[in-house]
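Here are a few exercises to work through with the model open beside you. Try each task before you read its solution.

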Amino acid sequence: METVLTTHFANERYRRLDTYRQYGGYEALKKAFAMDPGQIIDEVKKANLRGRGGAGFPAGVKWGFLPKDLSRPRVLVVNADEGEPGTFKDRVIMTRGPHLLIEGIVISCFALRAHACWIYIRGEFVREARIVDEAIAEAYAAGFLGRNILGSGFDLDVTVHRGAGAYICGEETSLINSLEGKRGWPRLKPPFPASVGAFGLPTIVNNVETIADIPWIVTHGGETFAALGVEKNGGTRLIGVSGAVNRPGVYELSAGVNLKDIIYHHAGGIKDGKALKAVIPGGSSTPVLRPDEIDVSYDIESMAKIGTMAGSGGVIVIPEGTCMVRALSVLMNFYAHESCGQCTPCREGTGWLKKIVGRIEAGKGREGDVELILDLCDNMMGRTICPLADAAVMPAQSFIWKFREEFDRHIGEQKCPYGNRF
Amino acid sequence: MRVAFSETGRAKFERLLTRYPDRKAVILPALHLAQKEFGYVSDEAIVYIAGLVGTSPADIEGVATFYTMYNRKPVGKYHVQICRNISCSLLGAEHLIEHVSTKLGVRPGETTPDGKFTLTTVECLGSCGTAPVMQVNDEYHENLTVESIDRILDQLP
Amino acid sequence: MPTLTINGMTVDVPQGTTILNAAKEVGVEIPHYCYHPKLSIAGNCRMCLVEVEKFPKLQTACSTVVTDGMVVRTDTEKVGKAVTGVLELMLIHHPIDCPICDQAGECGLQNYYMKFGLHKSRYALEDKVHKKKVQDVGGQIVLDAERCILCSRCVRFLDEVTGTRELHFFDRGDHSEISIFPGRPLENNYTGNLADICPVGALTSKDFRFRCRVWFLKAFDSICTGCSRGCNVDAHCKGDILYRLKPRWNDAVNQAWMCDFGRLTYKAMNEARLLIPFVREEGARKVAAWGSLLPDVAFRLKAAADKGGTDRVAVIASPQSSNEELYLLRRLATELLGTKNLAFTHRVAEDGFADDFLIQADKNPNSRGAQLLGIPGGAAFDALVSKIAGGGIDALLIFGNGIGALSEEETAALLAKVPFVVQAGTNEGPVSKAATAVLPSASVAERGGTFTNHAGRVQRFRFGFPARGKAKNPIEILVGLGNRLGAGWTFAGEASVFRALAETEAPFAGMSYDSIGMFGQETKCHMS
C-alpha cells in the first residue's frame with residue numbers, strides 16, 4: 001500500500017534536513033512555488049483531505065473561508081496539541097518527520113498567502129518541541145523559511161508555541177486564546193477564525209497530519225491522494241491502536257480500511273488471547289462499539305452512519321474482563337479535569353457526571369442514578385460553547401446504552417462485580 | 001523577595017517578544033521560562049511577569065492556574081507524573097501508581113520528605129501506543145512495568 | 001432593517017441587533033445572566049438559549065444577530081427544558097445562603113428559579129464544591145466565591161471599563177473561582193458598580209452589608225451630589241432614612257455607572273443633619289419656631305440694609321442648591337435686598353481629584369446652574385470673603401454648610417466679623433456652629449428640583465420623602481423670606497419656579513420639566 005507520510009519514518013536520520021532532502025524533501029515546495037496559490041487549494045479540495053485532528057472538516061473548504069481581500073494579514077496555526085486520549089500520531093510525525101510538517105507549512109502558507117505560522121505543541125511534548133525547533137532552525141539556515149524563500153519572493157516566519165497542560169486547547173478557538181497568552185477558553189462562533197482568529201487576523205487552524213499531507217498532494221496531485229482512500233475521505237490516515245492489543249502503535253492505512261482489520265490484522269489481535277469486549281474507535285470522545293459492530297469501514301461517513309466517529313484516529317481496544325463502569329469513570333474524571341469552566345453545562349455537568357459514575361463504581365450508586373446520568377447528558381449535549389461537553393456525553397451515553405447491565409449490577413449489588421480492578 | 005530573569009533568560013524573553021504581534025502572547029512561554037529559572041511559579045514570579053508584559057498580576061495568575069504544568073508550589077527534584085487515562089489504565093497504570101505510591105511513601109499530590117520526588121497522576125500524555133507511560137520532569141518513560149519503574153526511579157541521582 | 005418573528009410576533013430591528021435585544025422590543029423576556037448591554041458579549045451562562053428555525057442546536061440569544069426572516073421561539077418545551085437544565089446545573093454548588101445573603105429579593109438566581117426552576121435538588125449536599133466566602137477584596141466590595149455563577153461580568157467590567165483587571169478566574173472546571181491576586185485588592189474608584197452588575201450575591205456592597213432587606217426599600221430618581229457630573233441615581237430609602245444609591249441609566253451622562261465617592265454621599269443626608277430651627281443667644285443654641293423666626297430674619301436683613309446701606313448686606317449662594325432655589329435667591333438678593341454682594345461658594349477646593357471617566361474636579365452638583373443664573377463664583381466669591389473679613393458686612397444670608405475650604409476655626413473667625421449671620425443649611429458644620437440663626441433645610445432626597453451639570457445638562461431630581469424633623473424645603477424658605485420683603489411671590493413648588501425661570505433666563509429658554517424628561521436636556525448657551 002502506498003504511504004504518504006511514514007515511508008521513511010523507520011530511518012532515524014529522516015528528521016534531519018540533509019536526509020530529508022535525499023529522499024526528495026522540499027521538491028514539492030519548488031513545484032508549489034511554480035503553481036498559483038488557487039491551484040494548490042484546488043488540489044487540496046480534490047484530495048478530499050478531511051481534517052485529521054478529529055472533526056474531519058474538509059481542509060480545502062476550510063482554506064476557502066479566508067476573506068478574498070488581502071488587506072489584513074492571514075496566519076496559519078498548526079494544532080499539535082494532541083490531547084485526545086488514544087491519540088499519539090502527531091507525535092510520530094513531529095519526531096520522525098518534522099520537515100514533512102515544515103514543508104507542508106510553507107506550501108500551505110504560500111497557498112493561503114500567510115506569512116506567519118505558529119505551531120502550538122502541547123506542553124508535555126518537551127522533546128518533540130525541541131526536535132521541531134531544531135528542524136525549523138535547519139530550514140531557516142537552508143533558506144526554506146524566512147525572507148524570499150528559494151528566491152520566490154515569499155516570506156514566512158514559523159514559531160513553536162508550547163502549551164502548558166490543557167486538553168481543551170486542542171479546540172481551535174481555545175488554542176488561539178492560549179496562543180494569545182490567555183486562559184484556554186473557547187470562543188463564540190461566529191465569528192469563525194477565518195474572519196477573526198489569532199490576534200484578530202484571518203486564521204486557518206489545521207492539525208499536524210493534515211498539513212503534513214500537503215507536500216505529497218502537491219507532488220502527486222489531489223486526485224491521486226483521494227484515490228488512496230474512499231469517496232468522501234481521501235488519502236491515508238495515521239491510525240493509533242492502543243489498549244489490549246499485541247502490537248499497539250501507529251499505522252498508516254487507507255482512510256477506508258476496515259476497523260476489524262485494524263485491530264486483528266495490523267495490531268495483531270487481542271493480548272493474552274482474550275476476547276474483545278469493546279472498542280472506542282476514534283479517541284475517547286467517540287461512542288463505544290461492541291464487538292459485533294466493528295466490521296465496518298473506518299472512513300468518516302461510514303463511522304458516522306453507525307452512530308460513532310472516526311475522530312482522531314485513536315482506536316482503544318478494551319478486552320473481556322474490563323469493568324465498563326470503571327472505564328467510564330476514568331473518562332469522566334478526565335473530562336471533569338479538563339473542562340475549562342467557561343460555560344455552565346460543561347463546567348457543572350462534567351463534575352456531576354464524574355461524581356455519579358464514581359459513586360456507582362464504588363458501590364454507592366442509587367436507584368435512578370443511570371436515568372440521572374442520561375438526563376444530565378441531555379442537558380449538556382449541544383448546549384455549550386465548544387464540544388467538550390459533547391465529548392464527555394458521548395462516552396457516558398454509549399457506555400450506558402451498550403453496557404447497561406453493568407451499571408445496573410453495580411447499583412443493585414452495591415459493589416463492582418469485577419472487584420474494582422481493571 | 002523579588003525575582004528577575006538571568007541574563008540568558010532575559011535574552012530569551014526579549015527574543016520571544018519578536019515572534020508575536022502582541023506582547024501578551026509571550027505569557028505562556030514566559031511562565032515556562034520562569035518555572036525553569038526560579039524552580040516554580042511563585043507569587044513573585046507572577047508579579048514579575050505581570051510587570052514585564054504590562055498587565056495585572058491577577059491576569060497572569062488566571063493564566064498560570066489554568067494550565068497544569070505551571071507549578072504554583074515547589075515540587076520535588078523529580079516530578080513523577082503517571083498517566084491514569086484509559087489506555088494506560090487498561091494496561092495496569094493503577095497498579096503502577098499504587099506501587100510507586102507505596103515505594104515512595106507518598107500519595108498522589110504529595111512530595112517525599114527529603115524533597116526528592118513529587119508524585120502526581122496526570123491525564124493522557126499522548127503516547128498511548130507505549131502505555132503505561134509516565135513523565136519524569138521533561139522526559140517520557142514508556143512501556144512501563146513495575147520492574148522498569150523501579151529501575152528508573154532508583155537510578156535517579 | 002431585518003425582520004424577526006419571535007413567538008409569532010413580527011418586528012423590524014436595526015441591522016446588528018441580537019435576538020435578546022430584539023425580543024425586548026416586543027416584550028419577550030429572555031432570561032440571561034452574563035449579558036450586560038455595556039460589556040462585551042460572553043455567551044457563557046447559557047441561560048438565553050432559544051430555538052431558531054433552520055438551526056439544529058439551540059442558539060444563545062445574546063450573541064446571535066437577527067437576520068432577515070429569522071424565526072425564533074422561546075416558548076417551546078425544548079427551550080423550557082434547556083433553561084431549567086442550565087439553571088439546575090448553576091445551582092448544584094450554590095450555597096443557598098438566601099437567609100443571610102444581601103442579594104435576596106433582587107437576586108438573579110432567585111428570580112429565575114421562581115420563573116423557570118421550581119425543581120427539587122438532585123445533587124448531594126456533601127458533593128458541593130466549597131470556595132472562599134466573605135473575602136474583603138478591596139474597594140467597596142465583599143466577595144463570596146461560592147455564590148458566584150462565573151458569568152464573568154465583573155472580570156469584563158474591570159477589563160473593559162476601568163482597565164484595572166484586579167479580578168480574574170483562577171483554576172479551571174468546576175473549581176474555577178473568581179479572586180484577586182493576593183495582596184492586590186480592587187484599586188479603582190468604580191468598585192461599587194461590581195455589586196450592581198453581579199447578578200447574585202457573590203459581589204456585594206460592604207457599606208450595605210446586612211443593613212436592610214431590599215424589599216423594604218423604596219426607590220426614587222435622584223441626582224448624585226458628589227460632583228458636577230450629575231450621575232443619575234436611584235436613591236433607596238426606608239421611611240426617611242436612605243440606605244444606598246445605585247446608578248440610573250443615562251447614556252448622555254454616566255451610562256450605567258457611578259463612582260465610589262458618589263455612592264456614599266447618601267450618608268450626609270442621614271447623619272449630622274440640621275433639623276430644628278434655632279438662634280444663638282449668649283453663645284448657646286435656643287430653639288425657635290418657624291412662624292416667628294422667618295419674619296424675624298427677614299426683618300433683620302431689611303434693617304441692616306436700611307441702616308448701613310445695601311452694600312452692608314451679603315448673600316452667599318450654594319452650588320448644591322437647585323436651579324429653582326438659586327433663581328429665587330438671586331432675585332431675593334438683587335431685587336429685594338438690593339445688594340450686589342452675591343457669590344456662590346465651593347464645598348471643597350476647586351482642584352479636587354478628577355479622572356477621565358466620571359469624576360469631576362468640582363465637587364458640587366450645580367456650579368454651572370449658579371453661573372447660568374447670573375450668580376458669580378471664583379474671583380467674585382474670593383472678593384466677597386475678603387470684604388467680610390474686612391468687617392464690611394453687617395448681615396449675611398448664607399446657603400450651604402461651609403464656606404469654601406475654610407476650617408471650623410477660620411469660619412468662626414470670619415463670621416465673627418458679621419453681627420447677623422443666618423444660614424439655610426442641611427448639615428452641622430463650620431457655619432452652623434457660628435451662625436446667629438439657622439434655618440434647617442431639606443436634603444436632596446426630601447425635595448424636588450433640577451441641577452445643571454458640568455456640560456450644561458439640566459436634570460431633574462425627585463422628591464423621595466417628607467423632610468425630617470422641622471427641616472423645610474429651601475423654596476419654601478425663600479418664598480417665605482421673599483414675601484416678607486415684599487416679593488408677592490405665589491410659587492407653590494419647584495415646578496412653578498422652573499416655569500418662571502424658563503421664561504426669563506436665556507439658557508433655560510423653552511425648557512420644561514416635560515422636555516427635560518428622564519434623561520435631561522442641555523441648556524442653550526454654555527458659559528466657558
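**Exercises on a predicted model**

In this predicted model, 29 Å lie between the centres of domain 1 and domain 2 of chain B, taken over C-alpha atoms. The domain assignment places domain 1 of chain B at 7-64 and domain 2 of chain B at 78-155.

**Exercise 1.** Find out which elements of chain B give two or more residues to the side that touches chain A.

*Solution.* Begin with the contact itself: 35 residues of chain B meet 46 residues of chain A. Next, look for elements of chain B giving two or more residues to this side; they are helix 2 (27-38), helix 4 (57-64) and helix 5 (86-90). Helix 2 of chain B gives the most, with five residues. Finally, sort the residues of this side of chain B by type: 18 are nonpolar, 10 polar and seven charged.

**Exercise 2.** Turn to the side of chain B that touches chain C, and determine which helix gives the largest share.

*Solution.* Here 11 residues of chain B are in contact with 13 residues of chain C. Two or more residues come from each of helix 3 (43-53) and helix 4 of chain B. Helix 4 of chain B has the largest share, at five residues. By type, this side of chain B holds four nonpolar, four polar and three charged residues.

**Exercise 3.** Decide whether I149(A) is buried or exposed, and say what it touches.

*Solution.* First locate I149(A): it sits in the loop between helix 7 (126-141) and strand 3 (157-162) of chain A. Then count its neighbours. The cut-off for a buried residue is 20 or more other C-beta atoms within 10 Å. I149(A) is buried because 22 other C-beta atoms lie within 10 Å. Leaving aside residues up to four places away in sequence, I149(A) touches V106(A), G143(A), F144(A), F154(A) and L156(A). Of these, take V106(A): I149(A) and V106(A) are 43 residues apart along the chain, with 9.1 Å between their C-alpha atoms.

**Exercise 4.** Work out how strand 20 of chain C is joined to strand 14 and to strand 19 of chain C.

*Solution.* Strand 14 (residues 278-281) of chain C runs antiparallel to strand 20 of chain C, with two bridges joining them. Here V279(C) stands opposite A437(C). Strand 19 (residues 420-425) of chain C instead runs parallel to strand 20 of chain C, joined by four bridges; A424(C) has L439(C) as its bridge partner. Now check the faces of strand 20 (residues 437-440) of chain C. Both are covered: A437(C) and L439(C) on one side, and V438(C) and P440(C) on the other, are all buried.

Terms used:
Residues numbered from 1 in each chain as written. Chains lettered and ligands numbered in written order. Predicted model: local features only at pLDDT ≥ 70, side-chain atom pairs only at ≥ 80, totals over all residues. Contact = placed C-beta atoms within 7 Å. Nonpolar A, V, L, I, M, F, W, Y, C, P; charged D, E, K, R; others polar. Domains from an automatic or database assignment. Buried ≥ 20, exposed ≤ 12 C-beta atoms within 10 Å, placed from the backbone. Pairing = 2+ DSSP bridges.
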